[in-house]
Amino acid sequence: MLGYYVDLAVRSLKRSPGLTALMILAIAFGVAASMTSYSVFRAVSGDPIPWKSAHLYVPQIDMWGQKGHRDGSSNNDPPDAMDYLDAIALMRDHRAKYQSAMYAISPSIVPPDASKHPINVGGHAVYSEFFPMTDAPFKYGSGWSSAEDTQRAAVVVLNGEINQKLFGGGNSVGKTVNIDGKDYRVVGVLDNWSPKPVFFDVVNTGGFTTGHEDVFIPFLRAIDIGMPNNGNTNCSEIPKSSGFVGLQQSTCVWISFMVELDDKAAAAAYREYLDGYARDQKQAGRFSWAPNNRLRDLHEWLDSEHVVPSDTQISLVVALGLLVVCLVNTAGLLLAKFLRRSSEIGVRRALGAPRMAIYTQFLIEAAIVGLTGGVLGLLLTWIGIHSVSWVLPKEIASLARLDIGLLLLTLLVAVVATMLAGLYPTFRASRVQPALQLKSN
Amino acid sequence: MQIKPILAALRHHKAGTLLIAAQIALTLAIVCNALFIIHARLVRLHQPSGIDEASLLVIGNQWAGKPGSDQMASLMAADLDTLRKVPGVANVYATNTFPLGNGGMALGVSHSPDKLKSVTTSGIYFADENALATLGLKLVEGRNFRPDEIGQLDRQGYVKPDVVIITRALAALMFPQRSAIGQPIYISAKPSIVIGIVDELRTPWVDTSFAKWADYSTLIPYRELTPIVQYIVRVQPGQLDEVMHRVRAALYAANRLRVISPKDGVRSFAQVREQAYRDDRGMAILMSGISVILLLITGAGIVGLTSFWVGQRRKQIGVRRALGATRHDILSYFLTENLLIAVGGVVLGGVLAIGLNLWLMKQFELDRLAPGYLLAGVVTLLLLGQGAVLAPALRASRVPPVEATRSI
C-alpha cells in the first residue's frame, strides 16, 4: 500500500511541476537558513566541558562596594574579575577541591635559531591545579607540581601548535624555551587544546577569540618577574602607588578565578566560606558593606557574561521566522493542491477507502515534498555553513560544522515540518463529502 | 468595484485566504525589523572616525626580549626616526590606540578630583606634538602640545597630565557656558588644563555599548613605554601601498628583535575599518539575504495559490464573461481580491512587527522601530502582492466565455 501511495504522490507532484518545485524550494530555503543559523548558535552556546561543567564554579567577591556600581548597572553584581589581594587570599585558604587564579599574558619567545624572528604568543599564568581542574589534555609530560608553584619555578606548559613551531611537534619535555629573555623548562605539551568558548577566562576573551593559548606558566612566577597583564584591568579608583606592585595592592580587578567543587553541598560550603571571608574583611575594615558575593556554576557564568553574541541569537530568531513563513506558504499550496483533487478523493471514498487511507495518502505526499526539500536544504545548509565565514566573525564562523547529527536533524526538521504543514490540508481533504463530489460531475 | 461578492467568494476559501494573509503578516513583521537592523548597521559602517583615514597606516609593534623602560624610550625614538626617513612617509607618532582600534584606556572625567562625581567617561589617546598633524585633526580652538610637554609612562604607571586636548563634544559637555580653553578637568587626582579643542575624534570602540560617549575623546601628552606600541603613519598622497611594504622592511632592518605580525602588523585604515565593522557588515548582508528570500517565497506563494484559484474558477469566470463582464472586470476582480487579503495581512503584520520589535528591544537592547520602516514594509508587500497576482489574473482575464458551457 505504501508503495502505491508513494506512486500516487509522485504522479500528483509531477502533474504540477512548477508548484511542486516552489514548495520544495521554500522548504529547502527555510530549513537551510534555520539549520545554518542553528549550527552557529549551537557552536557558540555549546558546553566546552560537558562532563565537568556542573562542578566548575566562578566565585565573585564585592571588593568595590556601592562606588563600584555607579555606572548604571542595576543588578548590584560584584565585579566579574578579582583583585590580587583577594585572589591570593582565596588561593591560600584553599577551600575547594581544585582552584586557580589566572591572568592573561602575552610574552614573546625568542627561537633558538638566531635567523628567525621572535614570535609573540598568548597564554595564561595559572596555578598547578588549573590542569586537573580543566582536564587539559596532555600529549607529553604533565602540569607542574604545587611545590613548583610556591618555588616560582621557571617551567612552562606548551600548547600543540607552538610546540610544532618550536620543536617540530616532538616530545619537548625537558627542553628549554626562551620566554621574554628567560629560560623555561618545558614540563608538558598539550594536545592542541582550544576549548570554545574559552571557559576559564571569558572576561578577557569574550569566549571566542582568534588568539591562541600557547603557553601556561606558574602564576606566582609571572607575578614575581612582573610579567604584565595582557587582559582587561578595571579600577573603581586610582591605585595609591604606581607600577605592577601598585596594581597588586589596589582593588583593581584583573584576575580570573575558577574552582572545582564536587557537589551541591560543597558549593554551599564554599558560598558560606566566601561570605565568611567578606565578613572578616569587613571586620578588618577593608570592606564597609555587607557581603555581596556570587558563586556561579559554569553555565550560569557563561550566561551572565553574555558569551553567546546577540547577533547570533537574532539571526536564529529571524531564520526560524523564515522557516515558519515557508511552512505557512507550503500549507497554503498543499491545501489548494489537495482540495483540487476533491473529485478523486470522492471516488476513492465512495469505493470504500476509509478516512485513514486518505490521511495516509496525502501525508505521504507531504512527506515526499518535505524529504526532497530536506535533501535540497541539506545541500544549501552545506553551502551556508561554508560561506558563513563571509558574513560572521571568523572566530565564530569557524566553529559551525555540518556533522551527522545536524544532517539528520535537517532532514527530520524538513519532513516533520512539512507534514505539520500538510496536516490541515490533509484534514480538509479527508472531510470531502463523497456524494457531493460524485454528483457534481 | 464590488467588494461584497469578493468577500462572499473568499468565505469559500477561508483557509487559503487566512494562510496567505498570515504569510504576508509574518513576512512584513520580519522584513521591516530586518530592514531596520540593516539600516542601523549601514549607518554604523559609515560612521566617520574624525581622522583622515585615506592616508593613514597603523603598525603594531611588539619588542622582544623584554627591554627596560629607558631602553624602550630610545628604541621608540629610533623607530620614529627610522619611519620618518622612509620615502613617502609624511608624518608619524607613537600611541596606545587609534579610532576603530577597539581597545585602549577609558577614564572618568570630572570637575573635581572625586572619582564618584565623574561627568562622563572619555577615551584616552596617547599623543605627542605630531599627533594632530598625522591624524589630520582640525584644531578649532587653543594650541597643539609642545615637544617639552610630552611625558613618558611606564607600564602600569598612572596618567596625570598637566595639559590635555579634548574634542569639541567633550568641551561642550564639560563647559556648556564658556570656552573650555584654560579650564581644568580631572582624569586623575591632579587637574589637567585644556589647551586645545579638536573638531571630531571618536573613541577607539565601535561596539554600541560604548556609543553613549563615543564623541568624548581626550588626547594626553604621553608616550607609553610598553612592549606593545602602535605607530600611526601619515603617507604622502597616492603612496599608501608602496609605503606599506617599505615600513616593515625598514623597521626590521633597523632592529631585528621585534614582532610585527606578518598577517596584520601593518594595516591601512581601510583594513582597520573593515575589520572593526566586520560583524555589522555581515549582519547587514545576512538580514538582506533573508529578507530577499522571504519576499521571493511570499511572492511565489501568492502566484502559486492564485493560479490554483484561477484554475478552480475557470467555469465561474466563463459564466461571468458570458453574462457580459469584460476582461478588465475579471482582472480587477483578482487584483482587488488580493489587495483585500494583503491589507488584512499587513494590518496583522504591523501589529506583529511592533510586537517582534518590542521583544527584540527587551532581549537584545535594539532601538525602537521607526515608523518609516513599517511603512516601507507595508508598501513593499502590497506592491509584491499586486505584482505576484498580476500574471494569474491576466490568465484569468483571458478565459473565454465559452468556458461556461464546458463541464470540468
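1. Chain A has a radius of gyration of 31 Å, whereas a compact globule of 441 residues would have one near 22 Å; the radius is taken over C-alpha atoms, and the globule rule is 2.2 Å times the number of residues to the power 0.38. Along the principal axes, the C-alpha atoms of chain A fill a box of roughly 100 × 60 × 35 Å.

2. This is a predicted model, in which local features need pLDDT of at least 70 and side-chain atom pairs count only at pLDDT 80 or more, while totals for chains, interfaces and linings use all residues. Residues are numbered from 1 along each chain as its sequence is written, and chains are lettered from A and ligands numbered from 1 in the order in which they are written.

3. The secondary structure of chain A comprises 17 helices and 12 strands, counted as DSSP runs (helices H or I, at least four residues; strands E, at least two) and numbered from the N terminus.

4. The unreviewed UniProt entry places "transmembrane region" features at residues 21-41, 314-336, 357-384 and 404-424 of chain A, although such annotations may be inferred rather than shown by experiment. Residues 21-41 of chain A are 100% helix, with end C-alpha atoms 30 Å apart, and residues 357-384 of chain A are likewise 100% helix, with end C-alpha atoms 39 Å apart.

5. The contact between the chains takes 48 residues from chain A and 46 residues from chain B, where two residues are in contact if their C-beta atoms, placed from the backbone, lie within 7 Å. On the side of chain B that touches chain A, helix 8 of chain B gives the largest share, 18 residues.
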